Amino acid sequence: MTTILPDADLFLYAYVRKEAVLSSQIEGTQSSLSDLLLFENEASPGVPLDDVQEVSNYVAAMRHGLARLREGFPLSLRLIREMHTELLSRGRGSTKQPGEFRTTQNWIGGTRPGTATFVPPPVNELGACLDAFEKYLHAEEQDLPLLIRIGMAHVQFETIHPFLDGNGRIGRLLIALWLCEAKVIHEPILYLSLYFKTHRQTYYELLQRVRDRGDWEAWLVFFLEGVVETADQAVDAARRLRGLFADDRIKIEGLGRATGSALRVHQMMQSRPILSVPMAAQQLSLSLPTVRDSVRHLVDLGILKEITGRKRDRQFAYQTYLDVLSEGTEPRAG
């Protein structure tokens with residue numbers, strides 16, 4: 001992907017946020033990618049604040065994990081707890097022991113352990129389970145390919161369920177972080193949340209089949225097919241975006257004297273698909289009238305679209321770009 005796009009960082013900014021939206025949607029939030037971007041712009045999203053705060057926390061947890069890995073800190077239980085602190089730092093879940101492994105029994109499905117679909121290990125076994133999990137992360141002599149190991153570790157983490165809340169999101173985040181730590185990918189651009197969301201029932205059923213029957217093979221086939229499908233989708237999206245940026249640049253170059261500042265706004269919107277005129281003026285060190293004129297030109301060319309319907313505090317979206325990024329992130333009905 002980094003060879004396809006002129007600036008992979010631009011894609012990464014929005015792609016990380018897409019993953020945050022999808023991973024949170026699996027847990028039941030209704031926030032969309034546009035909602036998150038509006039929230040980050042301090043504008044009003046169209047969903048309950050707790051939903052979008054939850055997604056924003058996920059971005060913070062991901063960024064914290066990556067920053068620590070780049071400092072040379074290993075993927076470890078300590079780092080997992082640090083990311084969990086970020087994940088539950090604000091909003092819903094902030095009372096569920098952020099950064100602390102559980103000290104009480106939890107369960108999945110049902111109203112109590114006796115009626116649950118799955119009951120994770122009891123508290124007195126949690127330490128031994130987590131110790132074994134961490135040793136597996138660091139085991140050097142392995143005769144299994146990395147993706148197989150990651151697929152197995154994902155099941156194990158979700159089975160241990162070490163936190164009172166946030167286990168699914170942390171478990172999915174670990175997939176990309178382990179690939180980064182192993183230097184298989186340089187940036188966190190391989191996320192399986194869209195695949196898991198699309199095949200949500202199968203995802204949960206296969207996790208349970210490993211627990212009930214030891215059916216690792218069916219799970220690993222599903223996981224590896226997800227890696228292939230996800231990678232193909234990401235590369236396809238990157239190719240389409242490269243074509244979109246190039247086509248829109250040609251349109252802008254026909255503006256004459258207004259071309260220079262309009263191109264700068266267009267470049268900025270490749271990393272921030274939603275912005276306001278004051279924000280763009282500040283970040284680009286351009287005057288408000290200059291940016292206002294540039295935005296008006298981009299709207300006239302059909303590149304930008306005003307999305308609030310207001311006369312003040314307006315927000316403009318690079319809508320076609322946002323449409324490509326948002327594929328699959330539509331909240332589930334109900």
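The model is predicted: local features need pLDDT of at least 70, side-chain atom pairs count only at pLDDT 80 or more, and totals for chains, interfaces and linings use all residues. Residues are numbered from 1 along each chain as its sequence is written, and side-chain values use heavy atoms, with hydrogens and water left out.

**Aromatic pairs**

A pair of aromatic rings is described by the distance of the centres and the angle of the planes. Here, rings of Phe, Tyr and Trp (its six-membered ring) pair if their centres lie within 6.5 Å; planes under 30 degrees apart are stacked, over 60 edge-to-face, and the rest tilted. The structure holds 14 such pairs. Phe245 and Tyr321 make an edge-to-face pair, because their planes stand at 80 degrees, with the centres 5.2 Å apart. Phe245 belongs to helix α10 (residues 216-252) and Tyr321 to helix α14 (residues 319-326), so this pair ties together parts that are 76 residues apart in sequence. Helices are DSSP runs (H or I, at least four residues), as are strands (E, at least two), numbered from the N terminus. Phe245 is also buried, at 9% relative accessibility. Tyr321 has a further edge-to-face pair with Tyr318, with centres 5.5 Å apart and planes at 70 degrees. Tyr318 is buried too, with a relative accessible area of 1%.

Elsewhere, one aromatic cluster is formed by Tyr195, Phe196, Tyr203, Tyr204, Trp219, Phe222 and Phe223.

**Charges over rings**

A charge sits over a ring if NZ of Lys or CZ of Arg is within 6 Å of the ring centre and within 35 degrees of the ring normal. The table gives two cases.

| Charged residue | Ring | Distance from ring centre |
|---|---|---|
| Arg68 | Phe73 | 4.0 Å |
| Arg211 | Phe118 | 4.2 Å |

**Core and domains**

A nonpolar core is a set of buried Ala, Val, Leu, Ile, Met, Phe, Trp, Tyr and Cys residues joined through side-chain atoms within 4.5 Å. The largest one has 96 residues, of which Ile80, Met83, Phe133, Phe196 and Trp219 touch the most other members. Helix α10 supplies its largest share, 11 residues. The core lies between domain 1 (9-234) and domain 2 (240-326), because both give residues to it. These bounds come from an automatic or database domain assignment. The domain centres, taken over C-alpha atoms, are separated by 34 Å. Their contact (heavy atoms within 4.5 Å) takes 12 residues from domain 1 and 16 residues from domain 2.

Leaving aside neighbours within four places in sequence, Phe133 contacts Leu77, Ile80, Ala153, Gln156, Phe157, Ile160 and Leu174.

An unreviewed UniProt entry places the feature "domain: Fido" at residues 75-225. That span is 58% helix and 0% strand, and its end C-alpha atoms lie 25 Å apart.

**Positive phi**

His161 is not a glycine, yet its phi is positive, at about 50 degrees. His161 sits in the loop between α6 (146-160) and α7 (167-181), and is buried, with a relative accessible area of 15%. Lys183 likewise has a positive phi, near 60 degrees. Lys183 lies in the loop between α7 and α8 (193-198) and is exposed, at 63% relative accessibility.

Note on methods: Buried < 20%, exposed > 50% of the residue type's maximum accessible area, 1.4 Å probe, protein only. UniProt positions renumbered as here; feature names shortened; annotations may be inferred.
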